[in-house]
Amino acid sequence: MEQLFAVKHSYLIPLLPLLAAAIAGFLCTGSRKKLAHWPIWIGVGISAILSVTLLFGMASVWHDHHGPLAYVQNWYQWITAGPAGVSGTFDVAVGFLFDPLTAVMLCVVTVIGFFITVFAAGYMKGEEGYFRFFAYLGMFIFMMTMLVMGDNFLMLYLGWEGVGLCSYLLIGYYYDRPAARDAAKKAFIVNRIGDFGFGVGIMLTFAVFGTINYFSPDEAGNLTGGALALAADPNFVLSLPEWKQHAIQWIPFMLMLGAFGKSAQFPLYVWLPDAMEGPTPVSALIHAATMVTAGVYMIARCGTLFVGNEAAMWTIAIIGAFTAIFAASIALRQFDLKKVFAYSTISQLGFMFVGVGVLAPVAGVFHLMTHAFFKALLFLSSGVVMHAMLGHLDMRRMSGLKAVLPKTRWLILIGCAALAGVPGLSGFFSKDEIVAAAWHQSWVLGLVLLITAFMTAYYTFRLYFRVFEGPLVQPDGPAEGHSHGSEHDDHGHGAHGGHDTHGHDHGHHNHEPMIMILPLAVLAIGAILAGYVNVGTHHLGDFLGQSPSLSQSYLVAKGADYEAALNPAMFGQHVDVHPKLEEDLHLLHIRMMIISSVVALVGVGLAMYLHLFNRRLSDDLVLRFRGIARVLEGKYWVDEIYQGAIVNPLRKFGQLLYGFDRLVIDGLVWVAGFVPQSAGFVLKLTTQRGQLQGYALTMMLGIVLLLVLVFVF
Amino acid sequence: MEGTLIWLLLIPLAGAVVGACLQGERAPRWWALLVSLATAAVTVVAACEFDFSASGQVQLLVSPEAFRLPEAGISFTLGIDSISFWLIALTVFLMPLAIAASWESIASRRKEYYAWMLLLEFAMLGVFAARDLLLFYVFFELTLVPMFFIIGIWGGAERQYAALKFFLFTFAASVFTLAGVIYIGTTAGQGAVPSFRIEDIINSAQSGMSTQARYWVFLAMLAGFAVKVPLFPVHTWLPLAHTEAPTAGSVILAGVLLKLGTYGLLRFAIPVGAGPEVLGALTPLLGVLCLIGIIYGALVAWVQQDIKKLVAYSSVSHLGFCVLGMLALNQTGIQGSIMYMINHGLSTGAMFLVIGMIYDRYHTRDINQLSGLAKQMPRLAFFFILFTFSSIGLPGLNGFVSEFLTILGAFTSPHLGIGYGVVAALGIILGAVYMLHMAARVIFGPLKVPQGHHGHDDGHSLPGDIGAREIAVLTPLAAAVVILGVVPNVILKTLEEPVAALIPSESQIVMVEGPAVVSGVGLGE
C-alpha cells in the first residue's frame, strides 16, 4: 500500500487545505477578497482527488489480495517526554494510519467539503468577512483530515479540538450578533466538557498500555503494537496487574464522553441547535456532514477497546437510541428550517451511535456516509431558501415555494426522501442496516428506532409540504435585525452587514444561481445512489471490515459466532461465518426493510395529509394537545435547566470565592505574620514609617553592599 | 566568546547604568531596545556554544578569581544547563518585546523606567545563570527592586499599595528562604567553611543532612518560592500587582518573575526535599494546594470585571498546573512543568500585551465597557484569539503540550495519582470557560464605545487597529506559540537529561505503592 501515490504524499491531503487557508486568510484581504475561494477550491479540490485515489488504490490492493489493510506512516516525533524508546516514556508522533475506515472518512470529508466550498462561494458572495470564512473552512478541512488520518489518540485529540476551534470561529462568524457569539462559546465549552473525558481516557490508555498509538508495526511490519492492537491481545491483557485490567474497562466510558460532546448526544447535545447561528454552508459541512460524525468515527476507530466491553456498548446504544427519539420529538414542533434539520442531525447521529453500539460499526459508518450526502443537501437547500427569502426561515411564514424555487424544490425533495427513509434512496438502506442490527441485539432498541424513523419521516415531510407545496406565501421584506443570513446579499452591499434593508424585489433576481445549484445536484445524486455501495454485495462493508479497528465487529455483523469473533485470540484471524446465523440475519434484514418502508411511507403520508391536504386539522390537533406541543416547542427546557442548575450556581460560587479571596485569604495572610514581620523590618531599617522608597533603597543598598563584598574579597 | 555568561549579565547591567545617564526623551527607549537586543544576541552566542547533546551538564561555567570569597564559601559562579538556558532564552525574548510595548505608553520619566527594566533583566538572567546558592538568592531578591519601582511609579491608580504589597509579601517570605539558604550553606561546606556551590548543597542535602533538617530547609525554601509562584493560598499579592503594573511590568512579572519561584522550587527545593520522608510526605498536600489553585483561580478569574485581573487570576490557575507537574516527580511531569514555565511566559505575556494595547486605546479594562473590538480592530482580534486559544491549551499551540504533560505526569505519578490528574483535567474545562467568556465579551458582540470615551482624542472617531510597531511586538510571540505547539520537541528533547538528573534516584521513587504514608518525620506530631 505504501507504493500508492496518495499514501507516499499523504501529507498533501491535510497540508494543501491548510496552505490554502493561510493564503485566503492572510493574502486575500482588502481588494483581493473576492478571490478568497480560489485557494480553497484548489487546495480542497486536490485534497479530494487525492483522497479518492487513495480510496480506489486501497480498494484495488484489497482486491488483489484479500486480508487486513492497514499502513502506518510516521512523519516526526511530536511530543517526547523522557528518554526515547524506553518503556514508560511518553512519546507520540505526528503520523498517519491508512486503513479503509480512514479512506472512507477522508473521502466523505474532502469530497463533500469540496462541493460545499463551491456552494459557499455563491452563498457568501459579497460578505464582508468572505476571506475569513474561506480561511476557516480551509483550516477546518485541515483539522478534520488530521482527525481521521492520525495514527494515535493525541492526533485524534488535535484534530478533535482543532475542528472545535473552527466550529467556534464559524458559528461565531457573525460575531457582532450576541446570539452567534454565545452559541460559539457554548459549542466550545460543551465540547470541552466532553474533551475532559476524552483527555482522561487518553491518559488512562497511556497508563495502561504505555503507548497511545492505535497500531504500531513490529519489526516484521505487522501491526501488533499500539494500544488498540494490545487491547485485542489476550496475553497482554491478562498479564496486566489487576488495577490496569480494571482501568481498561473505564477507558471506553471516558472516551465516549468526548464522543457524546462532539457528536451532540444526550446530555451534551445542547450546543448543536444553537450552532445553526453560523452561515448555512457551515451548518451543512461541520454541523451535519463531517465534524459531528467524529464521535462515531472515534468509537469505530477504537473498536477493539469497545467491543469486548458490554457495559460500554450498551451505554452507547442506549444513549444513542434515547438521543434519536428525544431529538426527533423536538424536531416535530420546530418551525425554523435549520432548527428542524439540526434536531434531525442529532437524531440521526443517535442512529449511528446505536449502530456502533450494537456491534455494527460498519452500518454506523455507512449511515454516516449517506447522511453526509443528504443532510448536506438539505442544509444547503434550506440555505437557498433563506437566501431567496431574505433571511427568513420560519416555515409558518412561507408556503408553496415550488413556484419560486423550482430546482431547489426537487433537490430538497430528494434530500427529504432520503432522510425519511423512502425505499430506494440512500438513507433507507443505511438506516435499515442499523435498525436490523439493533433489533438483533434487543427488540426494544429496534422498536425505539422504528418509532424514531416514523417521526423522522413525518417531520421531514411536514417541512417539505409546508414550505414547498400548497398556496404560494412569501414573507414580506427581509428578516428583522440580525436573523439568519440577512447579511447575505448578492449585490455587493456586503459592507452594510445585517442592516441592509434596501427594497428587494423577488422577481428580479435569480434565486438559484448555478454555482449553488450544481453542487446541490451532485449531493442529490449522492443522496440517491450512495446507498447502493453497500446493498446486495456489501462492498463498502466488506472493505471497511478490513480495518483492524473494525474487523471484530464486522465478523459479528456478518454472522460469525459472537464468542469466536470477539475472542481476542482470533483477532486478525479468519473466523468462519455461521451459516445459520448468516441466514437469520439476512432474513431479519429483509423483514426490517419491509417494516421500515411501511413506517416511512406512513409517516410521509401522514405528513401529506396534515400539512398539504388538511392543514387546518393539524392546527386543531396542536390546540387540542397544547401541553405536549408546548413541551416540545420548549425543547424540554433542557437549556434552562442547565443554566439554572449548573452555570448560574457555578458563577455564584465563583463570586463567592472572589469575595472570600479578597476578605478572608488576603486578610489572613496579612495578619498571619507577613505584616507584623515586615513592619518590624520597616521600622528597623527606616526611621519613618511609610517611606517605602527609602526602604527599598536601603534594601537595594544592602544587596549592593553584599555584591561588593563578594566581588572584593 | 570568553565568558559568554559574564557578557550576558554585564550588557544589561552596563546598559542600565549608561541608560540612567542618558539625556533626551527618545534616546532611553532606543538604548534600552538596543541593549536588550544585544543581550538576546549574546544568548544566541551562548546557544551556539552550548552543547545540547550534553544538555544535562552545567556548561559555559565561569567563576572569576577576583570574585571569590573562599572563607565564606561564596563565589560568583555562573553556568547553565538546558533548563537555565531555556528560561534565559525566554527572558531575553520577552524583554525587547516588553520594551517595544512600552514605547508610547510610558510617557513620563522614561530614562529611569528603561534603566529599571534593564536592571531587572540583569537580575533575572543572574537568577537563571547562578551556580551559587547565595548568588542566586542575591539576584532573586534584586529582581524585587526594579519591579517595585516599575509598579510603584508607572502603575495604575493603586500602584503604590500594589507595589508595597508585592514587595512586602515576596520579600518577607523570602527571608525564610534566606534562613534556609544560610543554614544549608553552612552544613554543605567542609569543616567550618561553608559552601554555597549548588552541587555541594545538593550533595549535602542528599547525604549528610538529617531528615529533620532537610524538612525544615525544604519548608523554608518553599515559603519564599511558593509566594513567588504563587501557590494558593499565598497568591493574593499577584492579582493586585499584575493589575496595577504597567503593561511591560505585567508581561515580565507573569512571563519571567513568577518562574523564579518555580525555578527555585525545581532547582533547590525539590532536590533538597527529595525522598520519602520530606517530599514523599508533603507532595500529597502540596498537590492538593495546586489543585485548589487550579480550580479556585479559574473560578475567580471567571467573575472578574477587569480583564487584566482576569488574566492575573488565570495565572494562579496556570501555575497550579506547573507546580503540580513538578510534584509528580517523574520525567513527564517535570518536563511538562518546565515547558509550562516557558509557555505560560509566552502566552500570558502576550495576553497582557494585547490587553495593554486595548487599554492604550480605550483607557478601560472593564469587561462591561468593552465589546465587539473585532469590528474595529481585526488584527488585534486575531492575536487576541490566538493567544486565548494558546492559553486554553488548544492542541497545535504551545499551551497544550505543557498542560497535557503536567496532567499526565500527575496522573501517572506514584506520589499523586489518577485522582489528581482527573481534578486537574477539570481545570481545562474551566480554562475554556473564563477565557472564552472574556473573548466573547471583549472581542465579539456588538461594538461598544466605552463610556467617557466620547470627546477623547479627536472627537468621534474610535481608535484604530494596532499599528506596525504593535504587530512587530506580537508577531514573534505568535510565531513562538505556533512553533512550540507544532514542534515542542525542540525544547523537550533537550530537557530530558537535566530532568533525569533532578529526579530522585530509583530507590526513592519506588517507595510509594499507593497512598504515601510516611511516619517518623519528626514534625512534632
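## Chains, a helix pair and backbone details

Chain A has 29 helices and 2 strands, where helices (H or I, at least four residues) and strands (E, at least two) are DSSP runs numbered from the N terminus. This is a predicted model, in which local features need pLDDT of at least 70 and side-chain atom pairs count only at pLDDT 80 or more, while totals for chains, interfaces and linings use all residues. Residues are numbered from 1 along each chain as its sequence is written, and chains are lettered from A and ligands numbered from 1 in the order in which they are written.

Of the 713 residues of chain A, 57% count as buried; a residue is buried if 20 or more other C-beta atoms, placed from the backbone, lie within 10 Å of its own, exposed if 12 or fewer, and partly exposed in between. Among contacts in chain A between residues at least 6 apart in sequence, 76% join residues at least 24 apart, a contact being a pair of residues whose C-beta atoms, placed from the backbone, lie within 7 Å.

Chain B contains 21 helices and 4 strands. Its radius of gyration is 22 Å, close to the 24 Å that the globule rule gives for 525 residues, so chain B is as compact as a globular protein of that length; the radius is taken over C-alpha atoms, and the rule is 2.2 Å times the number of residues to the power 0.38. In chain B, 66% of the 525 residues count as buried.

Within chain B, the axes of helix H12 (residues 279-302) and helix H13 (residues 307-327) come within 8 Å and cross at roughly 155°; axes are lines fitted to C-alpha atoms, for helices over the stretch in contact, and angles run from 0 to 180 degrees between N-to-C directions. H12(B) and H13(B) are therefore roughly antiparallel to each other, the class for angles over 145 degrees.

Two peptide bonds of chain B are cis, as tabulated here.

| Cis peptide bond | Omega |
|---|---|
| B:Val229 to B:Pro230 | about -5° |
| B:Phe232 to B:Pro233 | near 0° |

B:Pro230 is found in the loop between helix H9 (211-228) and helix H10 (237-244) of chain B, and B:Pro233 lies in the loop between H9 and H10 of chain B.

In chain A, A:Ala264 has a positive phi of about 55° although it is not a glycine, and A:Ala264 is buried, with 31 other C-beta atoms within 10 Å. A:Lys635, also not a glycine, has a positive phi near 55°, but A:Lys635 is partly exposed, with 19 other C-beta atoms within 10 Å.

Methods. Parallel < 35°, antiparallel > 145°, perpendicular 65-115°, else oblique. Contact = placed C-beta atoms within 7 Å.
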